[in-house]
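Please look through the structure shown here before reading on. The points below are meant as a colleague's note for someone meeting it for the first time.

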Amino acid sequence: MTRLVPVVPSIAVNIYSGLSRVRFMPYAVASSAGKVPAMVLFATIGTVAVTNPWDLFYVIAVYSIFLVLCYIVYKIFKSKARAEIKPVRQVR
């Protein structure tokens with residue numbers, strides 16, 4: 001999720017991932033998927049800034065909506081994952 005936020009430095013994500021024992025394949029797939037929207041955002045901002053700077057507001061609004069939708073989907077998956085984990089009963 002932090003790869004989608006362009007203000008979070010990549011080095012911070014890399015260090016945290018290395019320290020938290022994230023496996024390589026999930027890290028590589030998530031990093032790739034998270035970098036694509038940021039690359040598209042930066043390319044779009046560069047193009048819009050040169051051609052029509054007033055359209056930057058639309059670009060920022062669309063990307064903000066995208067981030068909110070990603071956060072909502074993340075929360076849904078996280079709540080479903082918690083619901084699937086059943087508490088262990090203690091034997092007395």
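The following numbered points go from the whole chain to single residues.

1. As a starting caution, please keep in mind that this is a predicted model. The secondary structure of the protein comes to three helices and zero strands, and read from the N terminus on, the order of the elements is α-α-α.

2. The next point concerns burial and surface for the chain as a whole. Of the 92 residues of the protein, 14% count as buried, while the accessible surface comes to about 7,900 Å², with 72% of that area belonging to carbon and sulfur atoms.

3. Contacts along the chain deserve a word of their own. When the contacts in the protein with a separation of 6 or more are considered, 59% of them are accounted for by residues 24 or more positions apart.

4. Which helix holds V13? V13 lies in helix α1, which covers residues 10-19. With a relative accessible area of 11%, V13 falls under the 20% cut-off and is therefore buried. The C-alpha atom of V13 is separated by 9.2 Å from the C-alpha atom of S31, a residue 18 positions away along the chain.

5. The aromatic residues come next. How many aromatic pairs does a search of the whole structure find? The search finds two such pairs, and one of them is made by Y63 and F66, whose ring centres are 5.8 Å apart and whose planes meet at 35°.

6. The last point returns to the surface. A nonpolar patch is formed there by I65, V68, L69, I72 and I76, which together have about 450 Å² of accessible area. V68, one of the residues of this patch, lies in helix α3. The relative accessible area of V68 is 47%, a value between the 20% and 50% limits, so V68 is described as partly exposed.

Note on methods. Residues numbered from 1 in each chain as written. Predicted model: local features only at pLDDT ≥ 70, side-chain atom pairs only at ≥ 80, totals over all residues. Heavy atoms only, no water. Helix = DSSP H or I, 4+ residues; strand = E, 2+ residues; numbered from the N terminus. Buried < 20%, exposed > 50% of the residue type's maximum accessible area, 1.4 Å probe, protein only. Phe/Tyr/Trp six-rings, centres within 6.5 Å; stacked < 30°, edge-to-face > 60°. Contact = heavy atoms within 4.5 Å. Areas by Shrake-Rupley, 256 points an atom, 1.4 Å probe, with all protein chains shown as cover. Patch = residues over 30% accessible without salt bridge, like charges linked within 9 Å, V, L, I, M, F, W, Y side chains within 5 Å. Salt bridge = Lys/Arg side-chain N within 4 Å of Asp/Glu carboxyl O.
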